[in-house]
Each structure stands twice: as C-alpha cells, then as structure tokens.
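Subject: Structure handover

Dear colleague,

I am passing on the structure below, followed by some notes on what was found in it. Please read them with the sequence and the model side by side.

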Amino acid sequence: MQTDHKKRVLVTGAAGFLGSHLVDRMLVEGNEVVGIDNLITGLELNLEDAKKNNAFTFVNADVIAPPETYLPDGFTPDLIFHLASPASPPRYQQHPVETYLVNSLGTHNLLQYILSSTPEARFVYASTSEVYGDPKEHPQKETYWGNVNPNGIRSCYDESKRYGEMVCGVHNRDFDVDVRIMRIFNTYGPRMNPVDGRAIPNFVQWALKNEPMQIYGDGSQTRSLCYVDDLIEGITLLATIDSARGETVNLGNPYEVTMLQLAELIKKATGSTSVLEHGHPMPGDDPTRRKPDISKAKSLLNWEPKVSFEEGLGKTVEYFKQTMT
Ligand code: NAD
C-alpha cells in the first residue's frame, strides 16, 4: 500500500447509505476516491457533496464484472472497500441473483484483480451480522460460526456473505493479500433509503405521517443499533491499523432494543400520534436476537461507539423530515 498520506481509494457501493458516508470520509482525509455503483438500491443523490470534490470520480458500473472493465484509465487503487450489495431483506429478496453474485463473484474478481495488478493493496470487505443467522450465542463473538438456514429466503444474502468471507480468507491465507473483514451490525442514520423496508426508515416515516406503525409478531425481537458516524470511524480504523491484517471484526453498537421499544422511542422522538399496530406477520427466518460482542474491536482498533441513540435518532428524524418535504 502507498505509504504517503494520500491514498487511491476504491469504494464499491458508493451511492449506498454506508458507501456514500465512507466516500465523504475518505475525501475529508485527502484521498483520491473512485466510487462505483450500479444504483440497484443506491441513490446518486447521496453523492451530491462528493461530486463537488475534484478528487472524486463516480462510475456507474456493475462490480460483478472484473475491475479492469470499469476502473478509470490509470487508476490503480491501493485501498479497496467492497460494500456493493443490496442490504435490506426486501431488497435482496427482490434481487437474489444480483445479491449472491456481487458477494461471491464480485468479491472474487476484486481480489483476483489485486493479485494481478496491485498486490500491495488492502481489501476491506463488508460482511454482516447475518452470517450469525438466528444466533444461539448471545451476544455474538467473531469466533461464533452461526446458525444459518442454507436454503431459506435470506440465504441469497447471508450465505453469499459467508461465501465472500471464505473468498477473502483464501486470498489472505493462500495468496497473502492484505484482507480485513468487517461484520457490520444494524446501522442507521441519514441517507438510509426511505423505501428499502428497514425498521428505522419504516417507523420514522409512519410516525412522521401519523400513520399506524406496523409491529411484526409480538415485537419482542431485538436489534442492536449503531449510528452511521460511529460505524464509519470503525471502518476507517479497521482499514488503517496494520495489525488488523487478516482479521475479522464485529462493528456495531451493543445498544439493544426490542422492535416494540424502538417503535415507542421513535413515536416519542417525532411527537407522533401514530398507534402501534400489532400482529403483522413475521418475515421468514427473521433472527430473534442480535447483539455484537465488540471486545475485539475495542482491543484491536481502540474503537467503540460514542453517539447515544437519542442523538443519532434525532439526526435521522431530521433527515427524513427533509426528504419527505
Ligand atoms: P445500500 O443498499 O444502501 O448500499 C449498497 C450499494 O451497493 C447500493 O448503492 C447499490 O446500488 C450498490 N450495489 C449493489 N450491487 C451492486 C453491483 N453489482 N454493482 C455496483 N453497485 C452495486 O446498503 P448499505 O446499508 O449501505 O450497505 C452497504 C454494505 O454494508 C452492504 O454490503 C451490506 O451488506 C453491508 N451491511 C450493511 C448493514 C447496515 O445496517 N446498513 C448491516 C450489515 C452489513
């Protein structure tokens, strides 16, 4: 990897929720950044600020293809973040083939490109807490192998993320590529796609419109919620710290809420008169509990989330208020 301060950074999934924040962060640090996205779930609007910066180039392309086919002439990255993938259950179930290909073949093609063209480059792969499936261990440590349905309605996503981790592991162990895997837990904040069906955008929009807030099942299933700025800080550290080479690290906030509590908190934060509408059918294979054990991120990266849920939620509600007007 280039040793001077300025790096050539490639971000796949750049127009997505997390990718666009990561692009902004890489630009603030003075890097040259190329963002790739085919806009299957992302919005080019998310890159509005980045596009004002001469150090940023956006390419509308599918990263399932080999990078040689879409990288701008003369651009050889020395840091690659592979975030491209539909991420919310309704969206990856709508695009199952695209989802399993971008995480399997897309990851393979990027790592093969590193081997052939830029062997010193660093590769950071966006895996997910979904590799733990419906976990039987709580909270989840990186050493837990998970409890995943190999052929269920979420498998196009969680099994392909597991496959992507395997591809990273092979290239690290057998070909000595500098690979880092981040297992991202539920993250929220501005630029979440309002129509991608995740709990926070759904609840916030229903609450702002004073419409009934739909609760799946009895609402006792939990998620742990991390504000996007904290996550981006964790990703940046994982990509920077030399001793993280070859490591797999949970990134998320152990702050755990039930869906019922989440709906109540959002109702309060928005001053909404919405009613909670119970008993909507549970989505298939929905995990009942999720909470990261972040002791590895604390010791390896000296990282832990800092933004309180109240503060993060306030900023998220403001964002949705603006996008809805
Ligand atoms: P997102 O849907 O907002 O962003 C993903 C981006 O990838 C989109 O802009 C989409 O258009 C793009 N994309 C998908 N397939 C592509 C392809 N073949 N070629 C080019 N671009 C493609 O999702 P997000 O929340 O920003 O998630 C980013 C990454 O982080 C994903 O890999 C996701 O699995 C992972 N992740 C996110 C969360 C979370 O809470 N947001 C949790 C766990 C893991």
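Once its neighbours within four places in sequence are set aside, Met182 is in contact (heavy atoms within 4.5 Å) with Leu83, Val124, Tyr125, Ala126, Ser127, Thr128, Ile235, Leu238, Val249 and Leu251. This is a predicted model, in which local features need pLDDT of at least 70 and side-chain atom pairs count only at pLDDT 80 or more, while totals for chains, interfaces and linings use all residues. Residues are numbered from 1 along each chain as its sequence is written, and side-chain values use heavy atoms, with hydrogens and water left out.

Met182 is also, with Val23, Phe81, Phe203, Leu251 and Leu262, among the residues that touch the most other members of the largest nonpolar core, which has 59 residues. Such a core is a set of buried (under 20% relative accessible area, 1.4 Å probe, protein chains only) Ala, Val, Leu, Ile, Met, Phe, Trp, Tyr and Cys residues joined through side-chain atoms within 4.5 Å. Another core, of 25 residues, lies apart from it and includes Leu110, Ile114, Phe123 and Tyr125.

**Backbone**

Most residues other than glycine have a negative phi, and most peptide bonds are trans. Asn302, however, has a positive phi near 55°, and at 69% relative accessibility it counts as exposed (over 50%). His138 and Pro139 are joined by a cis peptide bond, with omega about -10°.

Best wishes
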